[in-house]
Amino acid sequence: MSRNPGGRVIAFATWLLALLGAGLMYVSFDAQYTFILAQKGARAASLIEAAMLDAGMVILSALGIGLAQADKPSRSVRFLIMICAGASAAMNLAAADTASWRSMAAYTAAPVFLAVVADRVIAVIRQHVLPLEAESAWAPLGRATVAGLRLGTVVALYLLRTVLAPASTLRGLRQMVLDAAPVPGMTRVRPARGGLLPGFGDQDAGRPVTGFGTKKAAFLFRYRAHPEYGNRSASGRVAAELAPLAGLQAGTGRTYIAEELRKLTNVAARAQLAEEDDVQPAG
């Protein structure tokens, strides 16, 4: 590494990381040892447990630096450094005064800062050996945090909508669950006689249905002839496709499809019961 431009500077920074790690490890170890000794009362066990996480972070940092110098992937090692740093900070937090943010910052800063510096040193070494952008070990944590925030936002919005409009929200959630988990054997139920309804052919696709007394009748006529008829998982898409042709909103179309699917389910259940009665022995 020292033969390349900047190699000596990076090597010097690596030695400085070792010195910084030793100092910060002592700071973190002292806080953890005081807390663990107060809980366990056993000096030897407390010494080992207090050094566990910080020593693991130092070992992993050395492994990450070695892998980076050898141009080997080190993302998993860097991620474990973050895990050790978080666990060490949590243990230090247990010894802090949680009523004071200054106390919490003073107790948790050492392992977090050491993890950040170690990750950056490993990333710079990797970029120096192989000039490619190395993704930070913090990136997966950042993506997980963003995903968690998005999920929390969606849940909060649905909870608020449930408070404001409980009936429609619960109906929509119920339909979403039914669409996502159709009953086996009921997802592609066809009409009893099968095939397209009389008077309707492929050449009629895309044209509004006329000659019916109600919009519902026109919608159901076209739905019963649709290739996805009875497919519960496709009900939302089919409703959005057919509802405008009958002069309806997509939500109304989904309601009509749900009613039709319930009827089909009841018919299939009655048919299955009839078949079971037929196979029962007489007497």
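## Terms and model

Helices (H or I, at least four residues) and strands (E, at least two) are DSSP runs, numbered from the N terminus. This is a predicted model, in which local features need pLDDT of at least 70 and side-chain atom pairs count only at pLDDT 80 or more, while totals for chains, interfaces and linings use all residues. Residues are numbered from 1 along each chain as its sequence is written, and side-chain values use heavy atoms, with hydrogens and water left out.

## Overall make-up

The protein has nine helices and zero strands. Along the sequence the pattern reads α-α-α-α-α-α-α-α-α. Of its 283 residues, 31% count as buried; buried means under 20% relative accessible area, exposed means over 50%, and partly exposed lies in between (1.4 Å probe, protein chains only).

## Helix α2

Helix α2 covers residues 43-69, which is 27 residues. From its first C-alpha to its last it reaches 39 Å, close to the 39 Å expected at 1.5 Å a residue; the expected span is 1.5 Å times one less than the number of residues. A kink of about 40 degrees is centred on Met-52, where the bend at a residue is the angle between axes fitted to the seven residues ending there and the seven starting there. After α2 comes Asp-71, with a positive phi near 60 degrees.

The buried residues of α2 include Ala-50, Met-57 and Ile-65. Ala-50 lies 8.6 Å from Thr-34, C-alpha to C-alpha, although the two are 16 residues apart in sequence. Thr-34 belongs to helix α1. Thr-34 counts as partly exposed because its relative accessibility is 48%.

## The nonpolar core

In soluble globular proteins, nonpolar side chains tend to be buried together. A nonpolar core is a set of buried Ala, Val, Leu, Ile, Met, Phe, Trp, Tyr and Cys residues joined through side-chain atoms within 4.5 Å. The largest one here has 19 residues, and those with the most contacts inside it are Leu-17, Met-57, Ile-65, Ile-81, Ala-115 and Ile-125. Helices α1 (7-40), α2, α3 (75-95) and α4 (101-129) each supply at least two residues of this core. The largest share, seven residues, comes from α4.

## The largest pocket

On a 1 Å grid over the protein atoms alone, a pocket is an open set of points with protein on both sides within 12 Å along at least five of seven lines, and a cavity is a set of points where a 1.4 Å probe fits but cannot get out; lining residues have an atom within 4 Å of a point. Grid points are joined across faces, edges and corners, and a volume is the space filled by probe spheres set on the points.

The largest pocket has a volume of about 380 Å³. Its lining has 14 residues, with Arg-171, Gly-172, Gln-175, Arg-254 and Thr-255 nearest the centre. Helix α6 (166-180) and helix α9 (250-279) each supply at least two lining residues, and α6 gives the most, with seven. The lining divides into two nonpolar, seven polar and five charged residues. Here Ala, Val, Leu, Ile, Met, Phe, Trp, Tyr, Cys and Pro count as nonpolar, Asp, Glu, Lys and Arg as charged, and the others, Gly among them, as polar.

## The cavity

The structure holds one cavity of 30 Å³ or more. The largest cavity contains about 30 Å³ of space and is lined by Lys-216, Leu-220, Tyr-256, Glu-259, Glu-260 and Lys-263. Two of the lining residues are nonpolar, none are polar and four are charged.
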